[in-house]
Amino acid sequence: MKVIIIGAGWAGCAAAITAKKAGAEVEIFEKTDMILGLGNVGGIMRNNGRFTASEEIIALGAGDLINITDENSRHKNIDFPGHKHAWLYDVNKIEAAVLNYIKNMNIKVHLTSRVIDIKKSNHRIEGIYLSDGTYIEGNVFIETTGSTGPMGNCLRYGNGCSMCILRCPSFGPRVSISSRAGVDDLQGEREDGGLGAFSGSCKLAKESLSNEIVENLDKNGVVILKVPPEDINLDKLKLKVCQQYALREFAENVILLDTGHAKLMTTFYPLEKLRKIPGLENVKYIDPYSGGKGNSIRYLSVAPRTDDMRVKGIDNLFCAGEKGGLFVGHTEAIVTGSLAGHNAVRSALAIPPLILPRNTAIGDIIEYANFMMISQEGRRKRYTFAGAEYFKRMQELGLYTIDVNEIKRKIEKLNLTNILSEKLL
Amino acid sequence: MDYEIKDCIDAGTEYCPCNLAETGDCILCSQLQGKEFCDCTNWKGVCIYQEYAWNGEKPNAQRKISLSKIIKKENLDKDLITFTILAKHKLVQELSVPGSFIFVRNPSTNAYFDAPISIMDTDVVENTLTIAVELKGIKTKKLDELNENDDLLVRGPYWNGVLGIKNVNSSKNGTSLILTRGIGMAPMIPVMKKLYASGNKIIVAIDKSDFKDIFIKDYLSMCNAALIECNSMVNGELSTEIKEIINKYSEVSNIVFCSGPDIFIRNILDVISDDVNVACCNNAKMCCGEGVCGTCSTRYKGHVVKKLCKMQIDPRYIFKGRRLI
């Protein structure tokens with residue numbers, strides 16, 4: 001029984017792992033020459049509610065990728081404004097580590113293989129087409145192509161192509177498989193009613209920072225620098241709405257995290273202005289290459305789905321990660337991907353799907369994010385264990401805890417321990 | 001494979017974005033087809049929407065016309081002439097790929113006398129183009145009125161003269177079969193040269209049709225081509241001779257290139273196995289070459305219209321699902 005996964009980001013890899021554990025033959029198709037997609041430029045794990053979610057997924061039996069990010073962390077248990085007990089993984093080491101792991105599980109990874117279309121009959125997908133016309137059949141399909149870009153979308157809804165890790169010009173743009181299957185995709189909205197949202201961070205080359213900053217980063221994992229006061233004022237007066245939105249979150253500070261490169265926690269920052277900050281006089285962007293002008297645009301092709309991660313309208317198509325909702329983050333991708341992979345196999349075997357209960361953080365975010373998509377207000381929000389409204393909700397509902405044993409016990413009581421590593425066939 | 005891949009021959013060239021982008025009629029780009037999101041199944045290496053934005057939401061400058069002196073005219077047969085003309089170096093260079101063609105007309109006639117004629121040969125040192133014209137009707141007869149030292153009005157470069165050009169470019173170090181009838185001998189030459197340069201052994205079956213002679217023998221020996229003269233069609237059906245040639249060579253060839261009328265191409269496609277790579281000359285009637293005039297627009301099942309002057313498809317899809325009315 002073959003599970004075909006489109007997109008080898010965190011969600012796709014997580015889905016591949018649980019589908020494989022369930023006993024299926026698994027093939028992943030990835031358009032670029034590396035797996036992990038945006039995971040190659042991320043790095044933040046276990047901060048705030050993500051700690052709970054990470055321990056939940058470990059207890060559920062799909063903690064493989066969390067273990068890998070833990071093992072490859074440069075900093076463990078650090079705090080930065082608004083975030084506690086964050087673990088930062090090394091973006092330069094992570095891809096090889098995950099690729100090795102999934103290959104060792106006998107999961108077949110097809111790189112530089114862009115999926116552009118599907119063959120459908122009634123409400124079932126029969127197979128996928130690659131950009132060279134090659135046709136591959138499968139029993140059940142999982143789309144984890146994200147919702148970011150491609151180039152034309154970044155132009156229409158953002159500041160244009162910023163030459164990010166997705167590398168559309170080199171490997172071709174992502175195609176929404178759900179859309180090709182005739183499903184109407186959903187979009188996230190902005191406060192001003194526009195569609196999509198800027199990706200939230202960039203990377204600076206450590207070699208281009210002052211020694212003092214680099215030492216600080218290496219030692220503490222986080223460095224906070226002040227935005228020159230004249231820039232705060234000028235921004236408010238001169239810049240157009242979108243840029244103002246981009247700098248609003250950390251308007252008075254520039255926050256850097258050490259993930260192997262210096263992760264700049266803002267959507268983008270004009271290079272000239274950035275170089276006015278002491279220690280950053282010679283700074284250059286390493287991701288996106290044009291981080292001074294913009295960043296990739298997300299949330300333009302979210303698939304409508306049910307809480308088992310199946311796409312509405314298609315019998316054998318599942319989704320996860322950003323494709324499955326207005327999620328932010330690797331942990332969110334990993335947990336939704338793990339569920340999608342498991343349920344994909346269940347569906348192919350005509351076993352009822354697993355829906356995680358709402359007294360787990362994972363079950364709750366999946367259901368909550370879906371429910372919120374119905375309203376305009378909900379489409380203007382983002383859903384992450386790490387902060388904003390959803391983390392508040394976790395705390396209010398008593399879902400947030402960093403007591404590992406408490407989490408294990410909760411999963412045990414729900415009879416869900418290791419359920420995602422059960423062999424189904 | 002049964003998936004039709006559609007390309008636009010001009011995508012990513014200096015003539016892209018073209019006028020079609022301006023009115024939301026781009027052949028490839030969903031954002032330039034009136035949609036609001038990317039649906040880029042036909043990525044050709046360049047984001048056309050981005051190019052359009054960089055160009056101030058205007059198309060790039062389109063092809064120009066030039067007056068080109070005829071330095072040689074040959075009458076090869078009763079209704080067959082060749083012209084060798086002098087042209088700008090850049091134009092000659094751009095027309096040196098298989099599938100190149102130009103629109104030509106007698107300067108004393110107006111734009112709707114434009115005839116699309118395949119480039120038979122180019123010389124990038126002498127800066128000349130050579131075309132062969134079979135005299136048929138008013139357009140070609142007006143061309144025949146021109147003589148050496150006269151000017152010919154040329155519009156180009158255009159590149160969609162060969163459908164399945166991807167297959168021509170990817171066929172290397174094997175055996176290539178070329179099947180030609182009549183004036184198809186002329187557009188076949190750049191394809192044959194390319195295949196030969198890619199290390200292929202060339203086998204050419206030529207039906208000289210109503211012509212007295214095969215007028216391209218020099219080119220054949222330049223490419224060490226094995227020539228088989230034959231009669232290709234009888235009463236609109238393939239002859240036994242050519243069917244034998246196809247049976248003998250098509251399965252071991254890395255490509256079968258057909259150069260002749262539609263009925264010739266259609267019949268060959270019907271007998272060739274689905275695994276064989278095919279390319280053929282593009283017989284669509286054309287007048288503007290820019291996807292505007294509608295002359296080349298061919299209608300298919302499912303309300304599909306293909307502008308064959310720009311759209312690159314595998315030859316099998318020229319006839320699949322084609323509507324007569």
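Colleague: Before we start, where do the domain bounds come from?
Modeller: They come from an automatic or database domain assignment. Keep in mind that this is a predicted model.

Colleague: Fine. Which domains does the assignment give for chain B?
Modeller: Domain 1 of chain B covers 64-158, and domain 2 covers 162-283.

Colleague: How far apart are the C-alpha centres of those two?
Modeller: The centres of domain 1 and domain 2 of chain B lie 24 Å apart.

Colleague: And how many residues does the contact take from each?
Modeller: Domain 1 of chain B gives twelve residues. Domain 2 of chain B gives 13 residues.

Colleague: Stay on the domain 1 side. Which elements give two or more residues?
Modeller: Strands S2 (64-77), S5 (115-123) and S6 (128-134) of chain B. The largest share comes from S5(B), with four residues.

Colleague: What is that side like by class?
Modeller: On domain 1 of chain B, the side touching domain 2 has six nonpolar, three polar and three charged residues.

Colleague: New topic, the chain contact. How many residues come from chain A and from chain B?
Modeller: Chain A puts in 22 residues and chain B puts in 15. By class, the chain B side has eleven nonpolar, three polar and one charged.

Colleague: Now the largest nonpolar core. Which residues touch the most other members?
Modeller: Ile48(B) and Met192(B), out of 218 residues in that core.

Colleague: What does Ile48(B) touch, leaving out residues up to four places away in sequence?
Modeller: Three cysteines are on the list, Cys16(B), Cys26(B) and Cys29(B). Ala11(B), Pro17(B), Ala21(B), Leu28(B) and Leu32(B) are on it too.

Terms used:
Residues numbered from 1 in each chain as written. Chains lettered and ligands numbered in written order. Predicted model: local features only at pLDDT ≥ 70, side-chain atom pairs only at ≥ 80, totals over all residues. Contact = placed C-beta atoms within 7 Å. Nonpolar A, V, L, I, M, F, W, Y, C, P; charged D, E, K, R; others polar. Core = buried A, V, L, I, M, F, W, Y, C linked by C-beta atoms within 7 Å. Buried ≥ 20, exposed ≤ 12 C-beta atoms within 10 Å, placed from the backbone.
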